[in-house]
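Visitor: I am new to this structure and would like to learn how to read it. Could you show me the model and then take my questions in turn?

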Amino acid sequence: MEITVPDYPKAIICVAPHTSNWDFIVGELAIRSVGRKAGFMMKSSWFFFPLGYLLKAIGGIPVVRSGKKSSLVDAMVHKFTSTDHLVVAITPEGTRKPTAKWHTGFLRIAYEANIPVCLAVIDFRMKRAMIHDTLTLTGDIDADMAAVKKYYKPFTGKHPANFITDL
């Protein structure tokens, strides 16, 4: 694990590639191996008894994926603005399946809460996890997402065919 970014009191850690459930285990062990912690967002169906208690204890935030109009972005902005310390890891792909349509919510949360986005990599080909860069947000979601995808393009997930950085 290599981390060169500051230990921000509030931040989003954008994690990619996300092609396997192993990404969670490797990421959690990697961040804790250097004495840091990060919460994480995970679909609510994983928070069943008794696993749900463990996931919440290590920082899990259940995400309900329904057609309801409640805003996850607004809820997370509120969480960030109402606390002194919160670091959350988010996978922009939102799935382990191949997809070129990455979620932009993490960019909107960071922009609205005025917090940094650290770019974390779990590269299975090189057998390393790292957080070396912080994204400079422009406020232009499309441009920022293009920069994120360009950053992650050279890296390889556990299942390379499932990692798509096309725009």
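Visitor: Why is strand β5 (residues 86-90) largely enclosed by the rest of the structure?

Guide: Before the answer, note that this is a predicted model, in which local features need pLDDT of at least 70, side-chain atom pairs count only at pLDDT 80 or more, and totals for chains, interfaces and linings use all residues. Residues are numbered from 1 along each chain as its sequence is written, and side-chain values use heavy atoms, leaving out hydrogens and water. Strand β5 is largely enclosed because five of its five residues are buried, where buried means under 20% relative accessible area with a 1.4 Å probe, protein chains only.

Visitor: Which residues lie on each side of β5?

Guide: In a regular strand the side chains alternate between the two faces of the sheet. In β5, Leu-86, Val-88 and Ile-90 are buried on one side, and Val-87 and Ala-89 are buried on the other.

Visitor: Which bridge partner does Ile-12 have in β5?

Guide: Two strands pair if DSSP finds at least two bridges between them. The partner of Ile-12 is Val-88, and five bridges join the parallel strands β2 (residues 10-16) and β5. Strand β3 (residues 39-43) also runs parallel to β5, joined by two bridges, and the bridge partner of Gly-39 in β5 is Val-88.

Visitor: At what angle do the axes of helices α4 (residues 105-113) and α5 (residues 141-152) cross?

Guide: Axes are lines fitted to C-alpha atoms, for helices over the stretch in contact, and angles run from 0 to 180 degrees between N-to-C directions. The axes of α4 and α5 come within 10 Å and cross at roughly 115 degrees.

Note on methods. Helices (H or I, at least four residues) and strands (E, at least two) are DSSP runs, numbered from the N terminus. Buried means under 20% relative accessible area, exposed over 50%, partly exposed in between (1.4 Å probe, protein chains only).
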